[in-house]
Amino acid sequence: MGGAESGAISRDEHDFAFWEKRVDALVILAQARGLFTVDALRRVLEDMGPEAFETMSYYERWVAALNQNLVERGVYTVSELGARMERIAERGVTYGEAADE
Amino acid sequence: MPHDHSHEMSPSGHPYRTDDDVPLSYWQQMEIAIREILIEKGVTSAAEIAAQVEAMDARGPANGAALVARAWSDGEFRALLMRDAGAACAQMGFDIGTLKLIALENTENVHNVVVCTLCSCYPRNLLGLPPDWYKSRAYRSRTVREPRRVLAEFGVELGDDVEIRVHDSTADMRYIVIPRRPEGTAGLSRPELAALVGRDAMIGTGLARVPGAAPPGG
Amino acid sequence: MSEPADGAPLAPGTTVRVATMMPPGHVRTPVYLRGRRGVVERRLGPFPLPEELAYHRPGRPHDLYRVRFTMAEIWGAAAERPRDTLEAEIYAHWLRPEPTDAA
């Protein structure tokens, strides 16, 4: 994206939410286990295309890229993830409720 | 830091992004699911994840500032930092892991600024997590084309006699800018010097503070 | 394009041109530098190739260089200040030496 037309730089900053920090931690730990490298993460982020930049936050894109790599490496299957996500959604309506079994 | 987020401002003075007072999102569900599966399969553990988050919270730009302050006051160390930044970090007792680091020294004639146009590479071990703007499309696309306008937005105006050198962190190296030591700092101790060195000065979108001057806005 | 890593290392100061190819997929050479001429600032040494690592392949070592460009070379007449410079890390197989007098 270097050199592309773009508007003003927003300098608002926020402290990362707990789930965002956990995504970051999982990416680092999965790499430390040799499951994939940062390049594979970047590849998936790039393949999402420019519209993902508009519609998804930074860590939303990261968790999607983490998932893609773990599926590619056979750590779990797509339906394993799907079933788990469904069960998690039943636990509660907020992150705090759903994150604790 | 446990998950008892207050809904006020954080210690760094920025608003917390809410976790618990908005509906659970699809991507949050995915994070919880991946985390639980990885723990069940023994890829990692809850304790390891917690330790990683804790380490993240503990990190800020302090190590980078200490590095700069020492480079300002110790000529031999400065030479080592410029020659082999990894060895200089080791000498300070900073663990930078597998990170390959290059120090870029600002001079009277050259001002360095760092960007990663391909993603958001950043020397986290020395500066903490990158600010939102560093990861933004606007910063990443504009800094390589119009660095002077970008720096002006950050309040840094450079004369036409100064060369701006943009560093696109495209592959395996990470960069830290060593800002120029401000005038009037001859008698200061190393911690006092470090207090003049903010995060943005080490990215190149800021300068070191002059003692007694108000910190830049933002 | 010349073959990767089979020639002598490029010395600092060597004028090089970045390849113009536009393959799909993950590469670490920014599009805005393709076809541009710069000067080797330093050799960073061999690194596992991201083009392979990105696809879960082992990543054979390839030489990586820092290359310096002028803004005039990158952006032409649109350069904000032509004499400002930019440096990026580029793998050897994306670089082709050029006669220095052309720089």
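Q: Hi! How many residue pairs are in polar contact between chain B and chain C?
A: The count is 21 residue pairs, both residues at pLDDT 80 or more. A polar contact is a pair of N or O atoms within 3.5 Å; within protein, one must be able to donate a hydrogen and the other to accept it, and residues adjacent in sequence count only if both atoms are side-chain atoms.

Q: Which elements of chain B give two or more residues to that side?
A: They are β1 (100-105), α8 (147-153), β3 (163-168) and β4 (173-178) of chain B. Helices (H or I, at least four residues) and strands (E, at least two) are DSSP runs, numbered from the N terminus. The largest share, 6 residues, comes from β3(B).

Q: What does β3(B) pair with in chain C?
A: Its partner is strand β4 (residues 85-91) of chain C, in the parallel sense over 4 bridges; pairing needs at least two DSSP bridges between the strands. Asp168(B) has Ala88(C) as its bridge partner in β4(C).

Q: Switching topic, what about salt bridges?
A: The rule finds 4 across this interface, taking a side-chain nitrogen of Lys or Arg within 4 Å of a carboxyl oxygen of Asp or Glu. One of them joins Arg149(B) and Glu80(C), with the closest N and O atoms 3.4 Å apart.

Q: And what kind of model is this?
A: This is a predicted model: local features need pLDDT of at least 70, side-chain atom pairs count only at pLDDT 80 or more, and totals for chains, interfaces and linings use all residues. Residues are numbered from 1 along each chain as its sequence is written, and chains are lettered from A in the order in which they are written.

Conventions: Side-chain values use heavy atoms; hydrogens and water are left out.
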